[in-house]
Amino acid sequence: MIIGDGHEYFAMTISLFNHLSLDLQPADIAMRAAIEQSRGIYFPPTQDYYGYAKALNGNYYPIHFWAYSLASLPFLFILHFFNINELSSLQITNAVLLLASFWVITYCFEDKLQRLIMLAFSVVNPIVLYIGWTGAEVFSYSFVVMAISFAVAKKYNLAVLLSSIASLQNPPIIMFTLYLIYLGLRDSNFDFNNLKKLILSSAITVVPYIFYMIYYHVPNLIVSSGVSTFSNMSISKFINLFTDLNFGMILYIPVLFILAVIALFIGVKKKR
């Protein structure tokens, strides 16, 4: 199935498959349409370049960055080789990345109780419902979880690298990457050589900005195209971050909330 920006992300994967570049060509559009239509999915011709913008060189490149599609490329190769539904390549990518995050948790958390709690919150989590979502949400989530796990194991260079990869599809995660750099620097007693290694681990963060500067002379195509603006911000949207039943935190943290209330009462009872 195609949900969200999957029509665009799947096109990126096909372009990488056909010619190892991101410009959307007629052959890519034809291949995508054939695969989608074989599964009963039909997009009108007006949607051929949905999620794409014309670059200075005349080619069309995706508005969203392509790290997620690059991650799905090996699975598209395998599915295509065995003549299996290529449309599932994005969902398989989601499942593999999520399973990888579970494995990293078991590898990094030495404390058995902490490992069990982290795994429990990762498995019983709404992100599992996004495995079928043809977008980069599971990609970003999985790499953030892996970054947290390696930070717990004090492997800060790996943590920074994985957090930087997550930020390729979700730029605000850069703030978390900076925090991990601070933790790694603090853990090394602010050693300058370690700072250089941590910064080098985060270097991949700048790739999207370089990509769009080359082809569009702007650092972020989503912002420059007006899709993401301060005018979209409102008090109601802020409240919805907590209360909306589709994406609000109210669905993510009821257990944590209950535990927090219990901890509060225990603390008051013990006068702590």
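Predicted model: local features only at pLDDT ≥ 70, side-chain atom pairs only at ≥ 80, totals over all residues.

Biologist: Okay. What does the secondary structure of the protein come to?

Modeller: There are 13 helices and two strands.

Biologist: And what does the C-alpha trace span along its principal axes?

Modeller: About 70 × 45 × 45 Å.

Biologist: How much of the protein is buried?

Modeller: Of the 272 residues, 38% are buried. The protein exposes about 15700 Å². Carbon and sulfur atoms supply 70% of that area.

Biologist: Switching to charge. How many positive and negative side chains are there?

Modeller: The protein has 15 positive and 13 negative ones. The centres of the two sets lie 18 Å apart.

Biologist: Now the helix pair. How do helix 4 and helix 6 pack?

Modeller: Helix 4 covers residues 89-108, and helix 6 covers residues 137-152. Their axes are 9 Å apart, at an angle of about 10°. Angles under 35 degrees count as roughly parallel, so helix 4 and helix 6 are roughly parallel to each other.

Biologist: Which residues make the contact?

Modeller: On helix 4, they include Asn94, Leu97, Leu98, Ser101 and Val104. On helix 6, Phe139, Ser142, Val145, Met146 and Phe150 are among them.

Biologist: Tell me about Ser101. Is it buried or exposed?

Modeller: Ser101 is buried, because its relative accessible area is 0%. It lies in helix 4.

Biologist: What does Ser101 touch?

Modeller: Ser142, Val145 and Met146, leaving out residues up to four places away in sequence. Those three also belong to the helix 6 side of the contact.

Biologist: New topic: Tyr60. Where does it lie?

Modeller: Tyr60 is in strand 2, which runs over residues 60-62.

Biologist: Why does Tyr60 count as partly exposed?

Modeller: Its relative accessibility is 28%.

Biologist: Which residues does Tyr60 touch?

Modeller: Leu22, Asp23, Leu24, Tyr49, Tyr52, Ala53 and Lys54. Again, that leaves out residues up to four places away in sequence.

Biologist: Last one. What separates Tyr60 from Asn194?

Modeller: Their C-alpha atoms are separated by 41 Å. Along the chain, Tyr60 and Asn194 are 134 residues apart.

How values were computed
Residues numbered from 1 in each chain as written. Heavy atoms only, no water. Helix = DSSP H or I, 4+ residues; strand = E, 2+ residues; numbered from the N terminus. Buried < 20%, exposed > 50% of the residue type's maximum accessible area, 1.4 Å probe, protein only. Areas by Shrake-Rupley, 256 points an atom, 1.4 Å probe, with all protein chains shown as cover. Lys, Arg positive; Asp, Glu negative; His and termini not counted. Charge placed at Lys NZ, Arg CZ, Asp CG, Glu CD. Axes fitted to C-alpha atoms, helices over the stretch in contact; angles between N-to-C directions. Parallel < 35°, antiparallel > 145°, perpendicular 65-115°, else oblique. Contact = heavy atoms within 4.5 Å.
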